Every structure is written in C-alpha cells, then in structure tokens.
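Hi,

Here is the structure I said I'd pass on. Have a look at it first, and my notes follow below.

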Amino acid sequence: MLNLSLNFASLVPHRGKRNATFPLWLPHHNFSGSLRRGGTMILCAAVMGLAQGAARAQGEDTANAPASISQPDVLESWQKATVFLFDEANQNFAKAAASSDGEEARANRLGEGVTLLTVQPRSEGNLRKAETIFEEVISRNPKDATGLAARMHLARLYEFHVKPKAPDKAKAIYEGLLTDGVGDPLAELAASRLALLELYATSSPDEMNEAARKLAAHGTKLQTSIGRRELYSNLGLTLNQLRGDKRLAMEYLIAAEAEGLPMQQLDAPLLITIGALAGDLGDKETAKKYFSLFTSRYKRDARRYSVVEKLEAMGAATDSGTTPPPSAPEAQPAQQTLPQS
Amino acid sequence: MERVLNTIGISLLALCFVISLSRIAMLKFGERTEAGEKIIEIRLAHWQLEGGIRTALDAIAKEYMTLHPGVRITQIPIPERIYRNWLITQLVGGTAPDIIQVGGPVTDERLARFFVPLTDIAQNPNPYNKGTDLEDIPLRDTLVDGMLGGFNQNLLEYYGVPISGHSIRLYINLNLLEEITGSRVLPKTYDELITLTKQVDGFRLEGGQHIIPIAGSRYNSPILMTTLFASQTQKKMVGLGPPGTLIEVPARTTEALMDGEWGLDSPEVRSGLELIREVAAEMQPGFMQVTRDDASFYFVQGRALMIVTGSWDATSISQQANFPYAATRIPLPSKLHPRFGRNVMGMFSEAGGTAGVTFGITRESKNSVMATDFLLFLAAKQTNQLFTNTSKWLPSVLGVEPAPEAKPFMMQAQGYSPGFPLVDSTARADTNRLVSNNYHHLVGPGGSVEQFVDAIRPNFIPYMLVDLKREDLQISQAIQRMDVQLAALAEVSRNIPDDAPAQSKFDMITAASSARDRTAYFHQHLMKKAEKRIEEDSK
C-alpha cells in the first residue's frame with residue numbers, strides 16, 4: 001500500500017494560507033503500471049478541481065471577511081451595528097477600546113457594551129459585562145451624550161435583556177433621564193419607555209388615566225419631535241388598548257399624529273383609531289377629519305371601503321373617484337375564460 | 001491488447017486532465033467576449049418552478065444581454081422543498097448567487113447579514129423607466145404594492161424588488177361544467193356553488209367514473225376553508241376590542257377570546273365551521289393527507305371539476321390541462337343569505353396584499369453594481385410587460401397591462417376586510433396544529449361541528465398560551481436586536497447630522513421600537529389573561 005500524501009493547495013493558484021493536504025491510499029498491486037499512473041492522474045485532476053474549489057471558496061472568504069482594522073473607527077463600528085453586523089462591531093469596539101484612551105476609549109467601551117447585548121452566543125456573562133461597562137461609562141460623566149446613552153442602554157438592559165427583568169431599576173433610570181436627558185434624541189425616549197412601564201403597572205382604569213395625565217405632562221418639556229411623538233403614541237395607544245379614558249386616548253393620539261408618524265404601518269391604524277374614538281365620543285368633525293386623512297393618504301388598503309362607508313354615513317363628501325360603487329362588495333366580478341394553451 | 005487498453009486509458013486521463021486545466025483556467029481568467037472583454041456572469045436563484053416564470057426570466061435575460069453584451073445572466077431554479085437548506089449552505093459557504101429570491105426561508109438575521117439593503121434604489125427613479133410615464137417616480141411608487149413585498153418591517157429597509165402580483169381564485173373545468181350542467185355558466189353565489197357540487201355528486205363519466213367536485217389537499221383546502229370561515233367573522237371582528245379594529249390583528253383577536261368576546265360556542269364560529277363542513281364534504285375523502293401536486297393532478301386530469309389555488313398555478317394548469325377553464329373569486333355567502341348571511345359584511349377587498357417573486361442582492365455578489373442594474377431592469381415597466389406577456393403571471397408594475405390569461409387574477413380593491421380566522425396559522429402554530437389534527441372530527445364521515453369543538457376545546461386556550469409564550473420570546477429577541485440597532489443609528493445620526501438616510505432610519509426605527517415595546521407589554525398582559533382563563537376553566 002502506498003501512502004500518497006500531496007499538498008494540492010500548492011498546485012493551484014490561491015489567495016489564502018490554508019493547506020489542503022489529502023492522504024491517499026492507492027492499492028497499486030491490482031493495476032498495471034500505466035493504469036496505476038493513469039489512476040493517479042485522474043485523482044490528481046479531480047482533487048485539483050476540488051482544491052481549486054476550496055481555494056476559490058477560501059479566496060472568497062478572505063475577500064468577503066470583514067476588513068481587518070487595526071484602529072477601528074468608532075463610527076465605522078457603529079455603522080456595522082446599524083446593519084446587524086453585531087459580532088464584527090463588538091470585536092472592533094473591544095479592540096479599539098483596548099488601544100485607545102480618554103473619550104475615544106469611553107466611546108468604544110459604550111459600543112462594546114451595547115453590542116454585547118446581542119453578541120452570540122447570548123450569555124448572562126455578556127449581559128453582566130455590558131452592565132459593568134455601562135456603569136463605568138456613566139461614572140465618568142453621566143450627563144454628556146455618551147453618559148446619557150449608557151444610562152438609556154442600562155435601563156433597557158434591566159427592562160428587556162436580563163432575566164428576571166428588573167423594571168424598578170429601569171424605571172429609576174428613566175426618571176433620571178427625564179430631567180437630565182432633555183434635548184437628547186435618544187435620552188428623550190425615556191418618557192415613552194416610562195409610560196409603558198407605568199401604565200401596565202396600574203391596577204384600575206382610573207389609576208391608569210391618572211398615571212397617563214402625569215406622564216403626558218412631561219411631553220411639554222421634551223424638545224425633540226421624536227420624543228414627543230413616541231410618548232403620546234404610547235400613552236394614546238395603550239390607554240385605548242387597556243380600555244382607559246377614550247377622550248384622553250384620542251387627545252394623545254392626535255398629539256402624536258401632529259408630530260408625524262414615519263411609517264404607513266403605524267400611521268394608517270393611528271388615523272383609523274382616532275376616527276373610531278372620535279366617532280364613539282360623538283365628535284363627528286374629528287372623526288371625519290381623521291377618516292378623510294386616512295382615505296386621502298392610503299388609496300390601496302383593505303380598510304378603505306369600510307372607512308369610506310363610515311364617512312358617507314357621517315355625511316362627509318368623499319372623492320367619488322376613489323369610492324367603490326355601492327354594489328361592489330355584493331357583486332361577483334365578471335368571470336373570464338382563460339384561453340387554452 | 002494491453003497496449004491498446006493502456007493507450008485508451010492514458011488518452012482518457014489526458015483528456016480529463018486537459019478539461020480540468022481548462023476549467024481552472026476559465027475560472028481563473030473568465031470567459032471573454034469577441035472584443036476580448038471579460039464576461040460578467042450574474043447568477044439568479046429562485047424557487048418558482050411553476051410554469052411560465054423560467055421562460056419569462058429567460059426572455060428578460062436575453063433582452064438584458066442584448067443591451068449588455070458583456071453580461072451573462074444565469075438562472076438557477078431550485079425546488080421549493082430544498083430551497084431553505086440550499087440557500088443557507090450557499091450563504092454561509094460564501095458561494096451564493098448574485099440575485100436571490102427572498103421571502104419564506106430568508107429570516108431577518110439572514111437578510112441583514114447576507115443581503116444588500118435596497119432602500120436607496122427604492123427611493124430613486126428607475127433609470128430603465130426613462131421615456132415612460134414612470135420616468136420621474138421613485139421605484140417603490142412604480143410598484144402596485146408600494147414595494148411592500150420587498151420591505152422588511154423589522155429591519156426597516158427594502159431588501160427586495162417584487163416582480164409579480166398574486167391572488168386566490170376558484171378554477172373550474174369548463175368542459176366538465178358543460179357536460180354536467182349543460183352550460184358553461186359559472187356559480188355566482190355560494191348557493192349556486194353548493195348546487196353545482198350536488199350536481200357533480202350525481203354525475204358519472206362514461207365508464208361510471210366519479211368526478212370530485214372540488215380537489216382538496218393539505219395545501220389547497222385550508223385556503224378555501226379559511227376564506228369561508230372569515231366570511232362569518234367579518235361583522236364580529238369590527239366590534240371586537242377597543243375602537244379602531246377594521247382589520248384582523250392576531251393579538252387583539254386573542255385578547256377578545258380570553259375576554260370571552262368570542263369563543264368556540266359563538267354563533268359566528270359555529271356558522272363558520274358549518275360552512276367549512278358543508279364545502280369540505282365536496283372534496284375527495286382524505287383530502288388533508290393529499291399533497292398540492294396530487295390535487296393539481298386531479299384537476300388537470302379532469303378528475304375534479306374545481307380547485308382553489310393561487311394565480312401562481314395558472315400557467316402550470318394551462319400547460320398541463322387539455323381543457324379550457326375559468327377562474328373566478330370564491331363565491332362567499334352574501335349578507336342576504338338565509339343561513340350564513342347574518343354575520344357577513346360583503347365581499348373581501350384584495351387591496352393591501354403585497355406583490356411577490358421578490359428578488360434581493362447578496363452581499364457576496366462580486367458584481368453587485370451589475371446585479372443591481374439587472375434588478376432595476378427586471379422592475380422596469382417595459383420589462384414587467386414582457387414578464388406578464390411571457391409568464392402569464394400578474395404584473396407588479398403600475399400601468400402594465402396584464403396578459404389576457406392573467407386578467408381574471410387581477411386583485412380587486414373594492415370590498416371589506418375579511419374576518420378573523422379560527423386560529424392564525426402563522427402566529428399560533430401550536431393551536432393551528434391542534435385544529436388541523438382534529439379536522440377529521442369536523443369534515444370526516446360521521447363528523448360534526450359539535451364533535452370537532454369538543455375535541456379541541458380542552459386544549460384550545462392552553463395551546464394558545466404556548467403560542468403566546470413562543471411569540472413573547474421572539475418579540476424579546478427582536479427588541480434586543482432593535483435596541484442595538486437603535487443605539488447604533490442614534491450614534492451615527494448624532495455624529496453625522498447631515499446623513500439624511502441615517503436620520504430617517506433613526507426616526508423609523510424609533511417608531512418601530514416603541515411599537516415593539518407596546519407589543520411586548522401587551523403580550524405579557526395577554527399571557528396573564530390566558531393563564532387566568534385556564535385556571536378558571538379548570539375549576
């Protein structure tokens with residue numbers, strides 16, 4: 001038996017460093033000399049093909065692997081995280097944090113902590129490490145942008161990441177951010193986060209309505225449109241969902257709508273909910289206004305016909321060009337015979 | 001003799017060696033055009049093996065290659081059954097084609113990691129629409145669904161461009177219809193449909209062969225049964241929960257179930273189950289054990305008069321059936337129907353559906369610029385016209401005239417939202433399995449609505465709770481990912497204030513993140529209600 005060991009990667013062009021060494025056992029005594037050589041050549045050809053494939057794949061792996069950054073830029077690492085490349089971003093942040101100092105190191109530590117929340121495999125150790133990092137970043141300066149962000153992420157860690165959840169710790173941080181984070185787009189989300197925590201913690205509709213009124217008062221202090229929009233959306237939609245005061249819910253939703261919802265998937269149901277709440281409260285003008293906004297904004301929506309019908313019932317003028325013929329829902333469309341192919 | 005054999009053997013080996021070398025050389029240096037330019041190969045993979053699509057994509061590729069002689073488009077059709085495994089292997093192995101059909105098996109994680117966001121191209125006009133009425137319109141607004149078929153709600157980016165619309169229809173064999181009824185008049189109402197099926201029951205072909213009124217399968221039958229059931233919950237849905245429900249929202253329907261606003265004993269549910277039982281009796285015995293292909297064979301072989309399926313099967317059926325057929329919407333009971341009309345609002349609107357056959361570009365693509373260009377070409381008005389003319393599938397671009405064969409499948413916007421299903425098959429997988437596994441109590445010989453309800457009642461809410469717990473876990477995972485993405489976008493938009501796309505995405509993801517939080521809290525609330533309900537029921 002002949003132990004034939006070849007380094008095939010050396011026979012083909014490749015870009016990587018991986019060696020493709022294949023031990024081959026060739027039973028030579030069963031073949032004539034030339035056939036044995038021929039067999040060897042077949043194997044050579046076949047394995048070269050394989051090795052080429054391996055080299056190609058390896059080359060592609062190398063080409064497509066994240067570029068090795070000796071001093072990763074903080075922003076570049078964050079950009080990786082925006083497209084879900086969390087592990088790569090985490091490695092870059094950790095590397096950069098270790099090789100930088102001062103504010104740059106602190107910014108990288110924040111990134112390292114944030115990305116640890118999703119690094120695979122998810123572990124309690126990672127979450128504890130993230131908690132330590134956030135506390136360390138906060139301890140340097142709790143009120144600058146980096147410190148405020150660390151506080152926000154620490155609150156989220158307590159609210160949604162750790163098991164068991166620690167809503168009281170999250171609540172305390174959000175309350176602190178209500179005063180310290182005014183004007184910061186991320187920190188101002190504390191008001192809307194706090195709204196959900198508090199509304200779901202109430203035990204009666206009256207208690208919930210009262211909590212909503214207190215929370216809504218923060219809205220006037222918020223400086224960003226996003227902060228106000230999210231606060232009022234959470235208040236209005238949750239009050240409606242949990243059968244709180246309809247008028248309060250409607251007012252908050254109108255306030256949220258005034259700030260502008262960025263997505264059809266959120267805007268369309270908001271408009272319908274305002275219209276429906278107004279209808280229930282006997283406020284026809286408000287109902288008409290928001291139902292009309294819905295029909296003017298969303299021409300193709302399965303709810304459109306129902307909304308048009310509500311508008312017509314309220315005596316509102318509807319665009320006849322977009323109103324389906326009254327008989328349409330009852331009528332069967334014309335059937336067509338398909339030509340035989 | 002040995003010399004001859006050796007010579008042949010050596011020649012063959014030499015040939016293999018030369019072929020192997022040339023293959024390696026070709027891979028290394030690439031093919032070249034007559035002008036000596038390297039040919040760029042764009043590979044496109046999809047699972048649409050139904051008739052029409054491959055021919056249409058070939059025709060489109062040919063047009064594109066004429067415009068770009070240095071490009072070769074290679075189509076890679078993969079059977080749906082193995083698509084998921086194939087795709088994962090290709091993506092992870094780094095050998096994925098340039099363009100891949102996204103949807104089903106492509107999870108959010110895979111989309112984010114392996115696909116290129118197309119939001120930029122969605123927001124700009126498609127250069128291939130130059131000279132048409134869509135010339136200055138952003139790509140997304142040139143598509144019938146606003147490109148929602150390619151939009152990912154969790155990642156808040158467009159990752160694909162859909163090239164075809166779709167709808168559900170009842171297909172009827174016209175030759176058989178004429179033979180059975182003496183005319184080709186199609187059933188317009190639910191009662192006419194049932195009358196027709198009764199006529200089929202009493203009909204025998206020459207030789208005594210029995211005809212199946214409606215070909216059923218575990219794929220086709222649920223489509224019909226869900227549609228019928230939803231006609232009975234239309235009115236109920238509008239009144240469920242707090243104000244604002246005009247469309248089915250699984251969480252809201254589930255809460256209403258826990259609150260006792262509807263249940264297995266509600267008249268609407270009973271009525272919906274009666275409808276299912278009535279129609280299921282017109283399908284072949286054991287239909288829930290039959291595959292989609294088998295049901296299609298029954299229809300194309302003329303052994304079944306009708307079948308319910310999507311527009312995507314039309315071309316395949318046309319190619320295989322040797323008879324003319326008609327396609328119509330499923331005739332539902334009208335609100336004037338004496339038995340089933342009291343819960344009905346009216347015909348369902350088909351608006352709001354998304355277009356399909358959605359293609360995305362992989363990050364692995366070595367020719368992403370050319371791949372993007374081909375994707376834009378695919379989504380152009382003129383190309384989509386060629387697509388519908390060749391495939392006979394519905395177009396996805398506004399203003400494109402569907403091929404005559406596709407016209408019966410055009411989505412009809414007029415109508416009301418459908419009601420809620422007994423169980424949402426996507427959001428409530430375990431409960432759905434409970435229902436499916438017990439369908440024989442409803443539709444089998446000797447079965448009844450009562451028997452079916454009795455069979456599922458003990459586990460209906462407990463299974464719902466299992467589904468809610470699983471969904472809760474999924475929501476938590478989504479929130480955890482979104483938290484990091486939101487943090488990253490906040491940092492990017494703070495550091496680059498003039499980066500409008502980053503600002504806009506921060507705005508969107510903030511809204512989506514709040515929506516997720518609301519869902520998470522509401523799910524916790526629902527789980528508590530379900531636990532309380534289970535406790536009460538057990539007393």
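**Helix packing and the core**

In chain A, helix α8 (residues 190-201) packs against helix α10 (residues 225-241) at an angle of about 15°, with the axes 8 Å apart. Keep in mind that this is a predicted model. With angles under 35 degrees counting as roughly parallel, α8(A) and α10(A) are therefore roughly parallel to each other. The crossing of α8(A) and α10(A) is right-handed. On the α8(A) side you'll find Ala191(A), Ser192(A), Ala195(A), Leu196(A) and Leu199(A), and they meet α10(A) residues including Leu231(A), Leu235(A) and Thr238(A). By class, that contact has six nonpolar, four polar and one charged residues.

Also in chain A, helix α6 (residues 145-161) and helix α7 (residues 167-180) pack at an angle of about 155°, their axes 8 Å apart. That makes α6(A) roughly antiparallel to α7(A). This crossing, of α6(A) and α7(A), is left-handed. Among the α6(A) residues that meet α7(A) are Leu148(A), Met152(A) and Tyr158(A); the α7(A) side includes Ile173(A), Tyr174(A) and Leu177(A). The contact of α6(A) with α7(A) has 10 nonpolar, one polar and four charged residues.

Now for the core. The largest nonpolar core has 223 residues, and Ile276(B), Ala304(B) and Leu375(B) touch the most other members. Helix α18 (residues 449-495) of chain B gives the largest share of this core, 15 residues. Which residues does Ile276(B) contact, leaving aside neighbours within four places in sequence? They are Met225(B), Leu228(B), Phe229(B), Leu442(B) and Val443(B).

Cheers

Note on methods. Residues are numbered from 1 along each chain as its sequence is written. Chains are lettered from A and ligands numbered from 1 in the order in which they are written. This is a predicted model: local features need pLDDT of at least 70, side-chain atom pairs count only at pLDDT 80 or more; totals for chains, interfaces and linings use all residues. Axes are lines fitted to C-alpha atoms, for helices over the stretch in contact, and angles run from 0 to 180 degrees between N-to-C directions. Helices (H or I, at least four residues) and strands (E, at least two) are DSSP runs, numbered from the N terminus. Angles under 35 degrees count as roughly parallel, over 145 as roughly antiparallel, 65 to 115 as roughly perpendicular and the rest as oblique. A crossing is left-handed if the near helix is turned anticlockwise from the far one by less than a right angle, and right-handed if clockwise. Two residues are in contact if their C-beta atoms, placed from the backbone, lie within 7 Å. Ala, Val, Leu, Ile, Met, Phe, Trp, Tyr, Cys and Pro count as nonpolar, Asp, Glu, Lys and Arg as charged, and the others, Gly among them, as polar. A nonpolar core is a set of buried Ala, Val, Leu, Ile, Met, Phe, Trp, Tyr and Cys residues joined through C-beta atoms within 7 Å. A residue is buried if 20 or more other C-beta atoms lie within 10 Å of its own, exposed if 12 or fewer, and partly exposed in between; C-beta atoms are placed from the backbone.
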